[in-house]
Amino acid sequence: MEAKIWSACLSLLVFVYVLAKILRRRKLNLPPGPKPWPVIGNLNLIGSLPHKSLHELSQKYGPLMHLQFGSCPVVVGSSVEMAKVILKTMDVNFSSRPRTAAGKYTTYNYSDITWSPYGPYLKQARKMCLTELFSNKRLESYEYIRVEEINSMLKSLYKSSGQPIFLKDYLSTVTLSVISRMVLGKKYLDKDNENAVVSLDEFKKMLDELIYLNGVINVGDVIPWLSFFDLQGYVKRMKIVSKKLDRFLEHVLDEHQERRRKVEGYVSRDMVDVLLEQAEDPTLEVKMERHNVKALTQDLLAGGTESSAVTVEWAISELLKKPEIFKKATEEIDRVIGQNRWVQEKDMPNLPYVEAIVKETMRLHPVAPLLMPRLVREDCKVAGYDIKKGTQVFVNTWTIGTDPSLWENPTDFCPERFIEKAIDAKGHDFQFLPFGSGRRMCPAYSLGMRVISSSLANLLHGFNWKLPNKMRPEDLNMEEIFGLSTPRKFPLAAVAEPRLPPEVYNL
Ligand code: HEM
C-alpha cells in the first residue's frame with residue numbers, strides 16, 4: 001500500500017514538473033526561427049559553411065533568430081544592432097563559452113582562455129594578456145623577431161622566384177616561427193636542429209588538426225546522449241592530438257623551468273617565462289597550475305599561427321583577381337618606401353592603401369565569421385524576445401560585413417571603401433568585427449595586425465605575383481572551408497617575380 005502511495009506521489013511530481021516546463025516554454029517569446037525536428041533540431045539546415053547557412057536563414061527570419069542544434073538552443077545575431085547588444089550592452093551576460101568536447105579534451109578541461117567559462121580565471125588570464133603578454137612594450141621588444149622571420153620568408157621566395165609555389169607554406173612557416181620565438185623563446189622545431197622534439201611539418205599538422213577540431217560541430221556536444229558513440233570520430237582525434245601536443249608542451253616547460261632554476265634573479269625572455277613567473281605569484285586570485293600554463297601556451301601557439309597566414313593568403317588571392325589593386329598598392333609603397341629597402345612596421349601608418357587592403361580582406365574573409373560561440377549566463381530579454389540561460393550565441397560577422405545597407409556593392413573587393421574612413425578593427429565599429437568585441441574579443445589583435453600588415457606589405461613590395469600555367473584570374477577558385485579559421489579550400493599556387501634591385505634581397 002505504502003509503495004503504491006509513493007509511486008502515485010512520484011508520478012504526480014513528474015507530471016507537475018513536465019507540465020510546468022511545457023507551460024513555461026509556451027509562455028516564452030523566443031526570437032523567430034525555423035521549426036526544429038525532434039532530436040536533430042535544425043541541424044539539417046546547417047551545411048559545411050555554417051556562416052553562409054545561417055546567413056540565408058537570417059534573410060528569412062531576421063537579425064535575431066532562434067534555432068535548435070540538437071537539444072541546444074542557439075541564438076544568432078546578424079545586424080549591427082544585435083552585435084552591439086550581444087557584444088557591448090549585455091556583454092557580461094553573453095561572455096561565457098559552451099562546454100564542448102574540444103574544450104574538455106584539447107585544452108586541459110577548459111584551462112585555456114578560448115574555452116574558459118566566464119569567471120575570475122578568465123578575467124585574470126585576459127588581464128595577463130593585456131598587461132604582460134601583448135602590451136605595446138612587449139610587442140615592440142619582439143619586433144626584431146618578426147623582421148628576421150619575414151626577411152627569411154622573402155629570401156626563400158626570392159630563391160623560388162619564377163616557379164609556382166604554395167604561398168600558405170611560406171606564410172605559416174613565418175607565423176609559426178614568429179609565434180614560437182615570442183612564446184617559447186626559440187623555434188624548437190628547426191629543420192636543422194637534431195634535438196627538435198617534433199618536426200616543423202608534424203607540428204604544423206598538429207596545429208591544423210587542433211584548429212580544425214576546435215571549429216567543428218560535434219554531434220555529441222549538441223545531442224549529449226549520443227556523445228558516448230562519438231559518431232564522427234572527432235573525440236578520438238581530439239584525444240590523439242592533445243596527447244601529442246602535451247608531450248611537446250611538457251618538454252618546453254621542463255626546459256624553461258630548468259633554465260629558471262639555474263640562474264638566480266632570472267629575467268623572463270619569452271611568454272612561457274612570463275606565464276611561469278605569473279604562476280609563482282602568491283597574490284594571484286586564482287592559482288595557476290602547470291596544466292594552465294600548458295593550456296595558455298597552446299592557445300597562443302594555435303591562435304597566433306593560422307589566423308594571420310590565412311588572412312594574407314586571402315589578400316594575395318584577391319589581388320591576383322584584381323591586378324589594378326596590386327598596381328595601386330605597389331605605387332603607394334614605391335612612393336613612400338622607395339625601391340631600396342623593405343617596409344617596416346612603423347611605415348604602416350604611411351601606407352593607408354595597404355592597410356585598406358588588409359581591412360577589406362578581413363571584411364570579406366573574416367577568420368572567424370561567427371566569432372566563437374558564447375553562452376548566456378542568465379535568462380534575459382533582447383529586443384522583446386526571451387533568451388534562456390544556457391543558450392549558445394553566435395554573431396554572424398559575415399552577414400554584417402556584407403550587408404548591402406552598410407556596404408556598397410558588398411561582395412566586390414574594393415579597398416577604397418576604407419580610405420579616409422575612421423573604421424578600425426578594435427571592436428568599436430560594429431559593422432566590422434574581424435577580432436570580435438567586448439569581454440571575449442581577441443586579446444592579440446594588435447599582434448595579428450602587425451604580422452598581417454607587415455608581411456603583406458613586403459610581399460607586395462618585393463614581388464610581382466602571377467597565377468601559374470597561364471591560369472586566368474577568373475579561373476581562380478575562391479571557395480573556403482569552415483573551422484576555427486576559414487582558409488581557402490584549395491591552397492593558393494602562385495608565381496613570385498622579384499620587382500626590386502637584386503641587392504635588396506641580400507637579407
Ligand atoms: C589575424 C589575426 C587574428 C584574428 C583575425 C583573430 C580573431 C579572433 C576572434 C574573432 C576571436 C573570437 C572573439 C569572440 O569570441 O568574440 C579570437 C579570440 C581569441 N584569439 Fe584571436 N585572432 C587573431 C590573432 C590571434 C593571435 C596572434 C593570438 C595569440 C597569439 C590570438 C589569440 C586568441 C585567443 C586566446 C582568443 C580567445 C579569447 C577569449 O575567449 O576570451 N588571436 N580571435
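Reader: Which residue in β7 does V74 stand opposite?

Author: V74 stands opposite Q392 in β7. Keep in mind as we go that this is a predicted model.

Reader: Thanks! How many bridges join β2 to β7, and do they run parallel or antiparallel?

Author: Strand β2, residues 72-77, and strand β7, residues 392-395, are joined by four bridges and run parallel.

Reader: What sheet do those two belong to?

Author: They sit in an open sheet of four strands, in the order β1-β2-β7-β4, and its pairing is mixed. At the edges are β1 (64-69) and β4 (374-375), each of which pairs on one side only.

Reader: What does "mixed" go back to, in terms of how strands pair?

Author: Strands in a sheet pair through backbone hydrogen bonds, and they can do so either parallel or antiparallel.

Reader: Nice. Which strands does helix α2 lie across?

Author: Helix α2 (residues 50-61) lies across β1, β2 and β7, and runs at about 125 degrees to β1. Helix α3 (residues 80-89) also lies across β1, β2 and β7, and its angle to β7 is about 130 degrees.

Reader: New topic: what is the strand order in the sheet with β9?

Author: That is an open sheet of three strands, ordered β3-β9-β8, with antiparallel pairing. Its edge strands, each pairing on one side only, are β3 (164-166) and β8 (463-466). From one strand to the next, the twist averages 45 degrees.

Reader: How many bridges are there between β8 and β9?

Author: There are four bridges between β8 and strand β9 (residues 493-498), in the antiparallel sense. Two examples: K466 stands opposite V495 in β9, and F463 has P498 as its bridge partner in β9.

Reader: And over how many bridges do β3 and β9 pair?

Author: β3 and β9 pair over three bridges, again in the antiparallel sense. There, I165 stands opposite A494 in β9.

Reader: Let's switch to helices. At what angle do α14 and α15 pack?

Author: Helix α14 (residues 323-337) and helix α15 (residues 352-364) pack at about 140 degrees, and their axes are 8 Å apart. That angle makes α14 oblique to α15.

Reader: Which residues meet there?

Author: From α14, I325, K328, A329, E332 and I333 meet Y353, V354 and I357 of α15. By class, this contact has six nonpolar residues, two charged and no polar ones.

Reader: What about the ligand: which residues come nearest?

Author: G303, G304, G436, C442 and G448 come nearest, out of 26 residues around the ligand. Two elements each give two or more residues to that shell: α13 (290-321) and α17 (445-462). α13 gives the most, with seven residues.

Reader: Last bit, zooming out. How many helices and strands are in the chain?

Author: The chain has 17 helices and nine strands. Its radius of gyration is 25 Å, close to the 23 Å that the globule rule gives for 507 residues, so the chain is as compact as a globular protein of that length.

Reader: And what box do the C-alpha atoms fill?

Author: Along the principal axes, the C-alpha atoms of the chain fill a box of roughly 100 × 60 × 40 Å.

Notes: Residues are numbered from 1 along each chain as its sequence is written. This is a predicted model: local features need pLDDT of at least 70, side-chain atom pairs count only at pLDDT 80 or more; totals for chains, interfaces and linings use all residues. A residue is near a molecule or strand if its C-beta atom, placed from the backbone, lies within 6 Å of it. Axes are lines fitted to C-alpha atoms, for helices over the stretch in contact, and angles run from 0 to 180 degrees between N-to-C directions. Angles under 35 degrees count as roughly parallel, over 145 as roughly antiparallel, 65 to 115 as roughly perpendicular and the rest as oblique. Two residues are in contact if their C-beta atoms, placed from the backbone, lie within 7 Å. Ala, Val, Leu, Ile, Met, Phe, Trp, Tyr, Cys and Pro count as nonpolar, Asp, Glu, Lys and Arg as charged, and the others, Gly among them, as polar. Two strands pair if DSSP finds at least two bridges between them. The radius of gyration is taken over C-alpha atoms; the globule rule is 2.2 Å times the number of residues to the power 0.38.
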